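Have a look at the model first, then read on.

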Amino acid sequence: TAHLIDDPYRPARRKTRTLNIGHVAIGGDAPVVVQSMTNTDTRDVEATVAQVTALAEAGCEIVRLAVLDEDAARAIGPIRKASPVPLIADIHFDHRLALMALDAGVDGLRINPGNIGGAEPVDKVVAAAKACGAPIRIGVNSGSVDKKLLKKFGGPTPEAMVESAMEHVRLLEERDFFDTKISLKSSSVPATIAAYRLLAGRCDYPLHIGVTEAGTPGRGTVKSSVGLGVLLYEGIGDTLRVSLTGDPVTEMDVAWEILRSLNLRARGPEIVSCPTCGRTEIGLIQLAEEVERHLRPVTEVFTVAVMGCVVNGPGEAREADIGIAGGRGMGIIFRKGEVVRKIKGEENLLPEFLNELDIFLEELRKE
Ligand code: SF4
C-alpha cells in the first residue's frame, strides 16, 4: 500500500545509516517514513490506543507518545500490545521514565541525553536502549537551544541548533551508540531548511524532518509542504512529521500528499480534478469532493480524473486509470484512455461514476 514511484525525476536521497524502529527501517534505502504523535493523555490507554489505531489506518507508520510521568510510562505496555505500529516514547529530562518506557516495550526514544542530569543517567539510558535495540532521536527545537550556544551564536540560529544537536550526539557516540536520528525544528521555514542542510553535511545519521508549530490545518499544510518539500527535493529527510494544530489524523493526508507530489512514495489513489472555469457545465466541485470521500479508505495506488468539461476534460481523463469528463447534462467515463460509458442526466453522474470506480477497484484487487 505504500509504493515507491518509478520516476526518472524522483529526487535522489542523501546517503545515511539505517536504523530500525520495531519493524520499520529508517534511512539508507528505506522509503521516507510517515510519523505522527498522539494528543491524548497517554495514561488513558483506551483513548490512546484508539488514536494510535486511527493514525495507523490513515497511513501513520510510527507513532510517538508523550511520557510525562510514571503512570504514562506504565501505560506504554498495554498500548504497545494493542498498537499495529511501532511506538516512540517522547521524554524530557527524566531518564527514569525512559528506562520504564523501554522496559514496557517501547520501540524507540525521543530524548536529549544532554538534558537528563549528567553522565550516569546517560550511561543507564544508553545501556537499556542498546539492550532493547531501541534507537534514540535527538530533537532540537529553536526554543530549546542551550543558553551557552545562544550566546555563542547570538540566538537560536541554524548553526546553534546544529551545534546543540551534535553535542547530544557526541554523548551517545562516546558510549558507542550510533542508532541515532536527529531532528532540528524551527517554526521558521527558511531557518529549518538552513539547519537541516547544515546538519546533513556534518553527519550521516538519518534525519527526522518537520516544521514545528506549523499552525492550523490550512496554513500549517502550506508551511509544512514548503519546508518539507524543499528538503525532500534535496534528498534530505528519512522520516517526517507534519505538525498541525488539531486531530493528528488530519496530518496523514498532508504527509502522504507531500511524498506523492515529489514521487517519493504513494498511498491511495491520486485524484486529479480541474480547477473549474467558465466552461464548467456540471457541479464539478461537489462531484470531486464526493469521489474523494468515496475513495478515502482506499490504499491502492492509481489515478482518477474528475474533469469539468468536454473541451479539456477528456485529455486528462484519458491519461488517468479511470476518469470522468462532464458536459451539459451528460458525462463520459474513461478507463485507461478508452470511453467505457456515456451517461445522460447530470444527477446520474455521481452514482454511475462511483459504481464504475467500485468495479475498477474490484478488478484491481483481483490482479
Ligand atoms: Fe475549465 Fe474544462 Fe479545464 Fe475544467 S477541464 S478548468 S471546465 S476548461
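## Helix H7

Helix H7 (residues 189–200) has twelve residues and spans 16 Å from its first C-alpha to its last, close to the 16 Å expected at 1.5 Å a residue; the expected span is 1.5 Å times one less than the number of residues. Helices (H or I, at least four residues) and strands (E, at least two) are DSSP runs, numbered from the N terminus. Buried in H7 are Val-189, Ala-191, Thr-192, Ile-193, Ala-195, Tyr-196, Leu-199 and Ala-200, where buried means under 20% relative accessible area (1.4 Å probe, protein chains only). These buried residues pack against H6, strand E8 (180–185), strand E9 (208–209) and H8, with contact meaning heavy atoms within 4.5 Å.

A note on the model: it is predicted, so local features need pLDDT of at least 70 and side-chain atom pairs count only at pLDDT 80 or more, while totals for chains, interfaces and linings use all residues. Residues are numbered from 1 along each chain as its sequence is written, and side-chain values use heavy atoms, leaving out hydrogens and water.

## Helix H9

H9 (residues 249–261) has 13 residues and reaches 19 Å between its end C-alphas, close to the 18 Å expected. Its buried residues include Trp-256, Ile-258 and Leu-259. The buried residues of H9 pack against strand E3 (33–37), helix H1 (45–57), helix H8 (217–233), strand E10 (239–240) and strand E11 (270–273). Just after H9, Asn-263 takes a positive phi of about 55°.

## Nonpolar cores

A nonpolar core is a set of buried Ala, Val, Leu, Ile, Met, Phe, Trp, Tyr and Cys residues joined through side-chain atoms within 4.5 Å. In the largest one, of 75 residues, Ile-91, Leu-109, Leu-184, Leu-232 and Leu-240 touch the most other members. Helix H6 (residues 158–173) gives this core its largest share, seven residues. A second, separate core of 28 residues includes Leu-287 and Val-291.

## One aromatic pair

Searching the whole structure turns up one aromatic pair, counted when ring centres lie within 6.5 Å. The rings of Phe-302 and Phe-360 have centres 4.9 Å apart and planes at 55°, so the pair is tilted; planes under 30 degrees apart would be stacked and over 60 edge-to-face. Phe-302 and Phe-360 are 58 residues apart, and the pair links distant parts of the chain.

Key
Buried means under 20% relative accessible area, exposed over 50%, partly exposed in between (1.4 Å probe, protein chains only). Rings of Phe, Tyr and Trp (its six-membered ring) pair if their centres lie within 6.5 Å; planes under 30 degrees apart count as stacked, over 60 as edge-to-face and the rest as tilted.
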